[in-house]
Amino acid sequence: MRQTNKRFLIIKYLCVVAVIFMSICGFSASVAIAYTDSENADIYKSIDDYLNDVTTKANFPSLSIAIVDKETTLFSKSYGDCESPDVPYLLGSVSKSFTALCIMQLAEQGKIDLNAELSKYLPNATDGDNISIIQLLNHTSGLGEHQNLTNYKIVGKQGVHTYANVNYSLLGKVVEKVSGTDYASYVTDNIFAPLCMTKSFADIGKAKENGLIQGYESWFGINTKTNAKFSNSDSAWITTSAGYLSSSVSDLGKYLQMYLNGGKGIISADSINKMFYQGVEVEANIPYRYAMGWTLINEPLKQPALRHSGLVETGMSVVYILPESEIGIAIAVNTNDYFVGKDMMDRIDWGVVLMIMGDEPNQIGANEYVLKHLLYDFIYLLVFAIAVLPIFLIAHYKKMLASGKLWVKVLLLTLLHLILPVTLLLLPQIFFSTPLWVVKAFVPDMFTVIIVSACLLFACGIVKIFLLVKHKLKSV
């Protein structure tokens, strides 16, 4: 009997310890915490219904969301294939707010001067004497959008916002230089651990070991399982500090609560205000201010919203803080569908914000995803057909060699089999100011169509030149 009581006491003690641990670290169950805010239960029920509907319409394999106030999780749920809001996703550029936070921590410690030149911390930095830390934070350094740590230099007007990953890649290097440790260790020890963000990682290996969600790419509108891309080399366009942190929405809720509570010992309220509001105006369809890893949007909303979104090859995410409502929102999906899904993700996450503000959300049409992809697929098919058609017309081309002027034949060869394929290869740069290697990473189906079509046109051109030369030699 005494042994039984002893076992009971041990079990009771372990349960108490577990409860205390879970309370400290903000344990969240795998089921939805849907209506802890009973006063606004109708809103969260409407959000739940909305996300159930639009996640399917947008063809997202998985979507997870967490909505928090200062103290509690108001709503938390996963849709599609994701089992729990505790499952980590790759964050994309939401990572930049973490890097900005690291910089501000070190600034508070007197180790970084935001107005100092980059060369003070990275003596060998290109143009380091002409770029300040605050310019990197605001994306006003003049560095190019598609530069990396091996080729960066000032190419644009400084003081003007030009979003460039390399700014935050450099800030990651500054964190390492000043702190004396690698970026992954710093962000883990100084942000993740103190906030009990146990499902957040700066290392892809650890993320996978702890259940990093399966990622997808869109191929012609079909979600295709794809291994998470991750490169932290200096030649990478996106580094860890610029876009490859991973976290669950439950952990992001804790992260947002830190801001809502004025820093919680992680950072001061004054530094938070600088991160949110010490920025530059950016002209866009909806104007905003970009500060330090956060954008501030005022119009046309009922109240201001702080926001940052992220996109990598296999997923998208977004975080919001509504300062007046004292609410934070984190949403993540596990697919990258650049032309269709990205727009739908924007409309859906704004839809959630609008509902919290008492407005009607953005809607996704029942067949919108399919119809939009059919349009893109038709364009891809048309391009491919144009590239293939000359191959099927080779026999007709042979017959044409006997008639017509030589200069006309050469001109047609040049236009169809040199100018056209070169134009195809340059299309992304011409129309979207995007290099082909970026298209390969983020729009793989478009890249494949361009490359295959261009190669077919070049190859057919070579065959035609051979036939033309052979015909001329016979005629001599």
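Colleague: Are Glu368 and Arg347 buried or exposed?

Modeller: Both are buried. Keep in mind that this is a predicted model. Buried here means under 20% relative accessible area. The two residues also form a salt bridge, with the closest N and O atoms 2.6 Å apart.

Colleague: Why does the pair tie together parts that are 21 residues apart in sequence?

Modeller: Look at the helices. Glu368 sits in helix α12 (residues 368-392) and Arg347 in helix α11, so their contact ties those parts together. The pair also belongs to a network: salt bridges with shared partners join Asp343, Arg347, Glu368 and Lys372.

Colleague: What lets side chains pair in general?

Modeller: Opposite charge, when the charged atoms come close.

Colleague: How many salt bridges does a search of the whole structure find?

Modeller: It finds 15. One of them joins the side chains of Lys173 and Asp234, at 3.4 Å from N to O. Lys173 lies in helix α5 (residues 165-179), while Asp234 is in the loop between β5 (222-226) and α8 (240-243), so the bridge ties together parts 61 residues apart in sequence.

Colleague: What is the relative accessible area of Lys173?

Modeller: Lys173 has 29%, which makes it partly exposed. Asp234 is partly exposed too, at 35%.

Colleague: Which residue forms a salt bridge with Arg307?

Modeller: Asp346 does, with the closest N and O atoms 3.4 Å apart. Arg307 is in strand β10 (residues 305-312) and Asp346 in helix α11 (residues 341-356), distant parts of the chain 39 residues apart. Now check accessibility. Arg307 is buried at 10%, whereas Asp346 is partly exposed at 27%.

Conventions
Residues numbered from 1 in each chain as written. Predicted model: local features only at pLDDT ≥ 70, side-chain atom pairs only at ≥ 80, totals over all residues. Heavy atoms only, no water. Salt bridge = Lys/Arg side-chain N within 4 Å of Asp/Glu carboxyl O. Helix = DSSP H or I, 4+ residues; strand = E, 2+ residues; numbered from the N terminus. Buried < 20%, exposed > 50% of the residue type's maximum accessible area, 1.4 Å probe, protein only.
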